[in-house]
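Please load the model and keep the selection panel at hand. The tour below goes from one selection to the next and says what is there.

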Amino acid sequence: MTAERPRASAGLSELTPEESYALLATVPVGRIVYTDHALPAIQPVNFVLDGPDVVFRTAEGSKLAVAASRAVVAFEVDQFDAEARSGWSVVLVGRTFEVTEPVERARLLALPLVTFVPGVRDRVIKVVPRIVTGRRIQR
């Protein structure tokens with residue numbers, strides 16, 4: 001993850017990793033992109049940051065629990081204002097790991113992660129990013 005100076009082109013500018021993470025921390029829902037039966041799949045998830053890593057929870061036996069165990073995924077977060085024609089998008093690409101070690105799992109479960117969907121979500125998944133990209137659109 002380098003901190004090169006962002007390039008600008010016709011209202012579109014690249015964000016540094018630091019800027020990308022600052023924006024990522026402002027929203028509670030992102031989209032995890034994974035493979036389901038050899039096809040791309042996208043699912044919204046509530047998440048929280050743990051340093052540079054993304055943490056989310058899922059239910060035992062869910063498609064996401066099966067697909068996101070030790071997989072290469074993309075994680076996308078964005079925010080747009082259609083009226084103002086402005087916004088931003090951040091994409092992380094990395095590998096997922098299910099956290100099963102008891103002390104680490106307890107620590108991650110104590111993070112302020114609030115899920116929108118009711119029900120038990122006891123599988124803790126961490127996305128460890130290798131690539132961080134972000135773009136801002138401005139009029």
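Select His37 to begin: it is found in the loop between strand S3 (29-36) and strand S4 (39-46), where strands are DSSP runs of E with at least two residues, helices are runs of H or I with at least four, and both are numbered from the N terminus. The model is a predicted one, in which local features need pLDDT of at least 70 and side-chain atom pairs count only at pLDDT 80 or more, while totals for chains, interfaces and linings use all residues. Residues are numbered from 1 along each chain as its sequence is written, and side-chain values use heavy atoms, with hydrogens and water left out.

His37 has a phi near 55°, a positive value in a residue other than glycine, and its relative accessible area of 72% makes it exposed (exposed means over 50% relative accessible area, buried under 20%, and partly exposed in between, with a 1.4 Å probe and protein chains only). As background for both stops, most residues other than glycine have a negative phi.

Next, select helix H1 (residues 17-24), whose buried residues are Pro17, Ser20, Tyr21, Leu23 and Leu24. These cover an arc of only 160° around the axis, so they lie on the same side of H1; the arc is that of the directions from the helix axis to the C-beta atoms. Then show strand S5 (48-50), strand S7 (72-81), strand S8 (86-98) and strand S9 (123-137), against which the buried residues of H1 pack, with contact meaning heavy atoms within 4.5 Å.

Move on to Ser62, in the loop between strand S6 (53-58) and helix H2 (63-67). Is this residue, Ser62, buried or exposed? Ser62 is buried, with a relative accessible area of 19%. Draw a C-alpha to C-alpha distance from Ser62 to Leu92, and it comes to 22 Å, for two residues that are 30 apart in sequence.

Finally, show the whole protein chain, which has three helices and nine strands, running from the N terminus as β-β-α-β-β-β-β-α-β-β-α-β. Its radius of gyration is 16 Å, close to the 14 Å that the globule rule gives for 139 residues, so the chain is as compact as a globular protein of that length; the radius is taken over C-alpha atoms, and the rule is 2.2 Å times the number of residues to the power 0.38. Along the principal axes, the C-alpha trace spans about 45 × 30 × 25 Å.
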